[in-house]
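Subject: A structure for you to explore

Hi there,

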Amino acid sequence: MNDPFSRIPGWSPQQRVGLFVDTQNLYHSARDFYGQNVNFESLLRYAVGNRQLVRATAYVVERENDTSAWPFIYKLSTIGFRVRRMQLTLKETTDEGRPIYEGNWDMGIAADMVRLMHTLDVVVLGSGDGDFVEIVEVLMERGIRVEVIAFKETTSQRLIDAVDRFVHLPDIENAFVPSKERALAPKTE
């Protein structure tokens with residue numbers, strides 16, 4: 001067999017894969033540490049790795065009445081992601097009058113993992129957030145292989161230690177969007 005994925009311990013072409021991507025988490029890490037935008041098409045292709053894709057879901061946070069993320073959302077949809085959207089909500093206002101917004105998909109991602117776990121052999125998480133350790137442990141206790149694709153600079157060591165496989169996103173071929181496509185990247189904070 002000449003498939004490079006076949007050399008990965010625990011990998012099998014019969015595995016059913018679910019990919020769950022926290023776009024905010026990856027966007028901020030790519031921007032802050034690499035000055036780049038994630039190529040979600042390459043991420044999807046690598047995460048599936050010649051296995052059977054059950055579902056790929058991308059979780060997006062948007063500002064109310066802001067359409068700047070729409071081209072990004074459309075692109076995600078066209079490359080095979082189911083896109084779940086959430087609007088930022090006002091959490092509080094600082095003493096200086098600056099609004100602090102909140103938009104967090106962690107519980108939604110965990111709930112989707114639970115909803116699909118009976119149909120999956122492998123869960124691939126696109127996030128380095130340590131809040132996922134508990135759900136990762138639950139999935140693994142039920143015999144589901146868990147892989148994380150994220151940035152080592154911002155991934156919780158507890159999460160790395162908990163999963164079957166961690167992949168540093170920049171190690172993926174074409175991990176970042178070529179500069180001419182950056183206009184489609186989300187404009188978020």
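Predicted model: local features only at pLDDT ≥ 70, side-chain atom pairs only at ≥ 80, totals over all residues.

Phe40 counts as buried, because its relative accessibility is 7% and the cut-off for buried is under 20%.

**Aromatic pairs**

Searching the whole structure turns up five aromatic pairs. Such a pair is described by how far apart the ring centres are and by the angle between the planes.

Let's take Tyr34 and Phe176. Their ring centres are 5.4 Å apart and the planes meet at 35 degrees, so this pair is tilted. The two residues come from distant parts of the chain: Tyr34 is in helix H1 (residues 23-34), while Phe176 is in the segment after strand S8 (165-168), and 142 residues separate them. Tyr34 is partly exposed, at a relative accessible area of 28%.

Now back to Phe40, which pairs with Phe72. Here the centres are 5.5 Å apart and the planes stand at 65 degrees, so the pair is edge-to-face. Because Phe40 sits in helix H2 (residues 40-48) and Phe72 in helix H3 (residues 70-78), this pair ties together parts that are 32 residues apart in sequence. Phe72 counts as buried too, with 5% relative accessibility.

There is also a cluster to look for: ring pairs link Tyr34, Phe151 and Phe176.

**Salt bridges**

How many salt bridges does the structure hold? The count is 10.

One of them joins Arg16 to Asp121, with 3.1 Å between the closest N and O atoms. This bridge links distant parts of the chain, as Arg16 is in strand S1 (residues 16-22) and Asp121 is in the loop between helix H4 (106-116) and strand S6 (122-126), 105 residues away. Arg16 is partly exposed at 30% relative accessible area, and Asp121 is partly exposed at 27%.

Another runs between Arg85 and Glu62, where the closest N and O atoms are 2.8 Å apart.

Finally, look for Arg51, Arg145 and Glu147, which salt bridges link into a network.

Next, please turn to helix H5 (residues 133-141), where Val133, Ile135, Val136 and Leu139 are buried. These four cover an arc of only 165 degrees around the axis, so they lie on the same side of H5. What do the buried residues of H5 pack against? Their partners are H4, S6, strand S7 (145-150) and helix H6 (157-162). After H5 comes Gly143, with a positive phi near 85 degrees.

Helix H3 can be read in a similar way. Its residues Phe72, Ile73 and Leu76 are buried. They span an arc of only 100 degrees around the axis, which puts them on the same side of H3. The buried residues of H3 pack against H1, H2, S2 and S3. Just after H3, Gly80 has a positive phi of about 120 degrees.

**The sheet**

Last stop: six strands form an open sheet in the order S3-S2-S1-S6-S7-S8, and their pairing is parallel. S3 and S8 are the edge strands, each pairing on one side only. On average, neighbouring strands of this sheet are turned by 15 degrees against each other, direction ignored. S1 and S6 pair in the parallel sense over five bridges, and Val21 stands opposite Gly126 in S6. H1 packs on this sheet and touches S1, S2, S6, S7 and S8, with its direction at about 60 degrees to that of S1.

Notes: Residues numbered from 1 in each chain as written. Heavy atoms only, no water. Phe/Tyr/Trp six-rings, centres within 6.5 Å; stacked < 30°, edge-to-face > 60°. Buried < 20%, exposed > 50% of the residue type's maximum accessible area, 1.4 Å probe, protein only. Salt bridge = Lys/Arg side-chain N within 4 Å of Asp/Glu carboxyl O. Arc of directions from axis to C-beta. Contact = heavy atoms within 4.5 Å. Pairing = 2+ DSSP bridges. Axes fitted to C-alpha atoms, helices over the stretch in contact; angles between N-to-C directions.
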